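Let's take a walk through this protein together.

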Amino acid sequence: MTSERLSDNEKTYLHRLGTARQEARSLLQLIESDQLTVETLTPLYRQVRTHKQQTHHRCDWLYSYVEQLHFELKYLSPSADSLQHYKACKWVMGESRFVRQTSGGGDQYGHVILQLRPIPSGIENPTPATSEWQAAISDHPHLADTIPPEFEPTILTAMDAQLAGYSEAGFCLVNTKVVVCGGSFHPVDSKPYSYKVAALQALSAAINGANLVPA
């Protein structure tokens, strides 16, 4: 796994961000030295999870990229010759805000909170994960902000497509519901693309934090 994973624009952005963020410099060093493995990335991944909610939105792309890399290295083995089934053992929350501000307009805002919820199912017949929509949960007051219902199809379709893509790559999440249970919106900047990105980032964060086990 090398810097060929990155587009030219992403490489430029990562180098520019590296002048201010140690996480970016560390990631560049791993990628460009061709030493990127789940073991070498894990310390940076843990640092990212600690800092994710404390820094400016311009770091969102970096943090989401590290989370996605960690997931791919941990679960998507290119040598796997069969579909590997994993399941969540407890409820796990994933949350992401996608915020972009530009000088020429076209700002973006999307915020999605979701949960992985294990469901009982026979071991001999694992059921692929599904996504669904749910109103804010009463015992979690911070989920009171909601997403306008017109964005529901975009979010659920994006997550179902992502889960299907994981299966094609050899990873199948089973006996688990992915429940969108909260978020927030901006009356001007919220757009379907904003919620698509936020949902996929939240899904990746939840899977990474779930300590999945083979099913």
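How many residues does helix H5 have, and how far does it reach from its first C-alpha to its last?

Helix H5 spans residues 152–168, which makes 17 residues, and it reaches 24 Å from first to last C-alpha, close to the 24 Å expected at 1.5 Å a residue.

Which residues of H5 are buried? They are Ile 155, Leu 156, Ala 158, Met 159, Leu 163 and Tyr 166. These residues lie on the same side of H5, because they cover an arc of only 160 degrees around the axis. The face of H5 turned away from the buried side carries the exposed residues Pro 153, Thr 157 and Glu 168. After the helix comes Gly 170, with a positive phi near 105 degrees.

## The nonpolar cores

The largest nonpolar core is made of 32 residues. Helix H6 gives the most, with 8 residues.

What does Ile 207 touch, leaving aside residues up to four places away in sequence? Its partners are Phe 71, Tyr 75, Leu 116, Tyr 166, Phe 171 and Leu 212. In soluble globular proteins, nonpolar side chains tend to be buried together.

## Two salt bridges

The structure holds 2 salt bridges. In one of them, the side chains of Glu 95 and Arg 97 meet at 3.5 Å, N to O. Glu 95 is partly exposed, at 23% relative accessible area, and Arg 97 is partly exposed as well, at 39%.

Lys 177 forms a salt bridge with Glu 132, with the closest N and O atoms 3.8 Å apart. This pair links distant parts of the chain: Lys 177 sits in strand E6 (residues 176–184) and Glu 132 in strand E4 (residues 130–133), 45 residues apart. Lys 177 has a relative accessible area of 30%, so it counts as partly exposed; Glu 132 is also partly exposed, at 26%.

## The fold as a whole

Stepping back, the protein chain has 6 helices and 7 strands, in the order α-α-α-α-β-β-β-β-α-β-β-α-β along the sequence. Of its 215 residues, 44% are buried. Among contacts between residues at least 6 apart in sequence, 80% join residues at least 24 apart.

## Where to read with care

How confident is the prediction, and where is pLDDT under 50? The chain averages a pLDDT of 79, and 78% of the residues score at least 70. Over residues 136–144, pLDDT stays under 50, and the model has 13 contacts beyond four places in sequence for this stretch. Where pLDDT is low, the predicted coordinates should not be read in detail.

Terms used:
Residues numbered from 1 in each chain as written. Heavy atoms only, no water. pLDDT = per-residue confidence, 0-100. Contact = heavy atoms within 4.5 Å. Salt bridge = Lys/Arg side-chain N within 4 Å of Asp/Glu carboxyl O. Buried < 20%, exposed > 50% of the residue type's maximum accessible area, 1.4 Å probe, protein only. Helix = DSSP H or I, 4+ residues; strand = E, 2+ residues; numbered from the N terminus. Expected span 1.5 Å × (residues − 1). Arc of directions from axis to C-beta. Core = buried A, V, L, I, M, F, W, Y, C linked by side-chain atoms within 4.5 Å.
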